Amino acid sequence: MGDESAGRRRRSGGREGNARRVSGFHLEQMPWRIPKNPDRPTEPVNPEGVLAIHKGAMRILSEIGIEFLNDEALALFRQAGCRVEGQNVRMDEDFVMEMVRRAPPSFTITPRNPDRQVTIGDGHMVFVNVSSPPNSWDLVRGKRPGDFETFRDFMKLTQVFNCIHIAGGYPVEPIDIHPSVRHLDCLFEKLTLTDKVCHAYSLGRERVEDVMEMVRIAGGLSHAEFEASPRMYTNINSVSPLKHDFPMIDGALRLARRGQPVVVTPFTLAGAMAPVTMAGAVALSIAEGLAAVALLQYVAPGCPVAIGTFTSNVDMRTGAPAFGTPEYMRATQITGQLARFYGLPLRSSGVCTANVPDGQAMWETSNSLWAAVQSGTNMVYHAAGWLEGGLIASPEKFVMDCEVLQMIQRYMEPETFATDPDAIAFDAVREVGAGGHYFGCAHTQARYQTAFYNPIASDWRNYEAWAQDGAVESPERAHRIARGLIDGFEAPPMDPAIREELAAFVARRKEEGGAPTDF
């Protein structure tokens with residue numbers, strides 16, 4: 001691929017986004033940027049408490065052990081000198097910490113458009129679209145099973161919004177495509193409808209290998225160039241309590257050996273799959289996460305990894321998962337302390353339990369997102385669009401969440417806490433004097449267009465003006481924005497030769513049967 005094509009890809013980046021006018025619709029959003037968190041993290045646990053949780057996790061690993069349902073992993077642990085009995089692996093603190101110290105504190109991932117490169121760690125905070133719900137919900141059609149067209153709609157929203165930095169998992173599972181070839185169709189759409197970082201589900205050798213090859217082709221890369229630096233990633237979950245399954249570990253090993261990042265995220269629900277206490281749940285989560293990190297660092301020293309937290313609680317009356325709770329917030333903050341203790345980047349999530357994009361949805365999601373800020377999270381999964389504990393993706397919720405994400409980005413900008421002479425504004429105070437107003441003074445006139453955050457979905461008019469204009473509530477405003485963006489979407493440029501090569505790979509792999517299934 002020539003320099004001209006590469007230049008076209010760079011210029012197609014996120015500086016202006018893909019918001020287009022359609023029938024007069026235009027989205028005025030913040031430009032593409034990777035926010036950096038300037039705040040000191042919230043640390044509810046003192047240093048002795050951090051050490052106590054660490055020691056608890058080490059005791060779990062040493063005295064109880066973790067089940068690895070993967071023969072290759074068992075052989076590697078045995079080779080490393082760990083105690084392996086059947087599928088149970090026990091490892092000592094010295095080994096775990098030696099392996100963890102090999103991991104880099106931060107890393108960058110570069111997708112096919114270099115302008116969309118993201119840094120994971122080093123104070124940066126990137127937002128990932130909602131990933132993996134089996135259903136969707138919108139104001140017109142209500143709740144329904146996921147399909148390919150809805151998947152494509154969410155990928156368009158993922159590309160359009162500059163505050164979404166990563167096109168993670170499938171925003172909704174397209175069940176109208178057979179699982180054997182679903183990954184091929186979905187990744188083709190993801191790589192052509194977006195130019196952002198994407199990921200592979202670790203659900204079998206064929207899926208992982210196919211996605212790595214598709215990302216390589218889309219980037220116009222040689223095999224050596226692909227393996228020289230991170231271009232994509234995977235996220236794996238443990239099977240709490242105390243298990244890692246075969247396909248997740250298999251996929252993680254495949255990516256790590258090729259220099260691609262792995263995010264290890266135990267899913268521990270206090271009171272169900274983890275102790276009912278937050279410290280106990282976090283200790284279990286840390287043990288499960290570090291066991292996989294240790295394996296990856298043993299196999300591929302220095303490979304990029306991150307530790308994830310998905311520790312929340314259940315409703316003890318029903319057993320149902322609950323998200324955005326005070327306990328979820330504390331678990332996220334405490335895990336942030338442990339991530340810094342180990343020197344690892346942190347992943348958390350923007351989640352809620354609400355079934356529709358209502359007030360509950362937004363207060364629970366805001367709790368989750370601000371816990372991410374407070375914890376020093378570097379990668380926020382499910383940052384836009386999540387409902388019903390992850391069973392629903394909603395375009396209206398996607399837009400409403402992006403409003404919050406933009407507010408968080410603005411909150412982190414130095415202009416909001418600057419204290420230089422210009423910010424102190426003594427001359428403006430002298431100009432206005434007592435009893436005046438600042439609307440017309442020179443200081444305001446020079447800054448009014450960029451002084452404050454400008455909303456995309458909020459309505460800041462008074463009640464009478466709002467009512468006179470139709471009394472449109474937040475979900476309906478968000479629905480109109482989502483439809484305007486989807487209907488007017490233009491895909492980012494891709495070199496025609498690369499697109500043709502990508503399509504040919506998909507066609508060949510489909511002819512070969514894709515990934516094996518038992519149905």
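I take two strands as paired if DSSP finds at least two bridges between them. Helices (H or I, at least four residues) and strands (E, at least two) are DSSP runs, which I number from the N terminus.

The model is predicted: local features need pLDDT of at least 70, side-chain atom pairs count only at pLDDT 80 or more, and totals for chains, interfaces and linings use all residues. Residues are numbered from 1 along each chain as its sequence is written, and side-chain values use heavy atoms, with hydrogens and water left out.

**Entry 1: a sheet and its helix**

I started with Val-84, which stands opposite Val-89 in β3. The strands concerned, β2 and β3 (residues 88-90), are antiparallel and share three bridges. I then traced the open sheet around them: four strands, order β2-β3-β1-β12, mixed pairing. Its edges are β2 (83-85) and β12 (243-244), each pairing on one side only. Next I looked up which helix packs on this sheet. Helix α10 (residues 278-299) does, touching β1 (66-68) and β12. Contact here means heavy atoms within 4.5 Å. The direction of α10 makes about 50° with that of β1. For that angle, axes are lines fitted to C-alpha atoms, for helices over the stretch in contact, and angles run from 0 to 180 degrees between N-to-C directions.

**Entry 2: another sheet**

I found an open sheet of four strands in the order β8-β7-β21-β20, again with mixed pairing. β8 (142-145) and β20 (386-387) are the edge strands with a single partner each, so one side of each has no neighbour in the sheet. Strand β7 (residues 135-138) runs antiparallel to β8 over four bridges. Three residues separate β7 and β8, which form a hairpin. Ser-136 has Arg-144 in β8 as its bridge partner. β20 and strand β21 (residues 392-393) are antiparallel and joined by two bridges. There I noted Leu-387, whose bridge partner in β21 is Ile-392.

**Entry 3: pocket and cavity**

I used a 1 Å grid over the protein atoms alone: a cavity is a set of points where a 1.4 Å probe fits but cannot get out, a pocket is an open set with protein on both sides within 12 Å along at least five of seven lines, and lining residues have an atom within 4 Å of a point. Grid points are joined across faces, edges and corners, and a volume is the space filled by probe spheres set on the points.

The largest pocket has a volume of about 690 Å³. Of its 36 lining residues, Ser-131, Ser-132, Tyr-201, Asn-237 and Met-248 are the closest to the centre. Which element gives the most to this lining? It is α6, with four residues.

The count of cavities of 30 Å³ or more comes to one. The largest cavity has a volume of about 60 Å³. Its lining includes Pro-111, Arg-112, Lys-190 and Arg-231. α6, β10 and α7 each give two or more residues to that lining.

**Entry 4: aromatic pairs**

I searched the whole structure and got 15 aromatic pairs. Rings of Phe, Tyr and Trp (its six-membered ring) pair if their centres lie within 6.5 Å; planes under 30 degrees apart count as stacked, over 60 as edge-to-face and the rest as tilted. The ring centres of Phe-161 and Phe-398 are 6.0 Å apart and the planes lie at 40°, so this pair is tilted. Phe-161 is in the loop between α5 (148-160) and β9 (166-167), and Phe-398 is in helix α13 (residues 395-411), so the pair ties together parts 237 residues apart in sequence.
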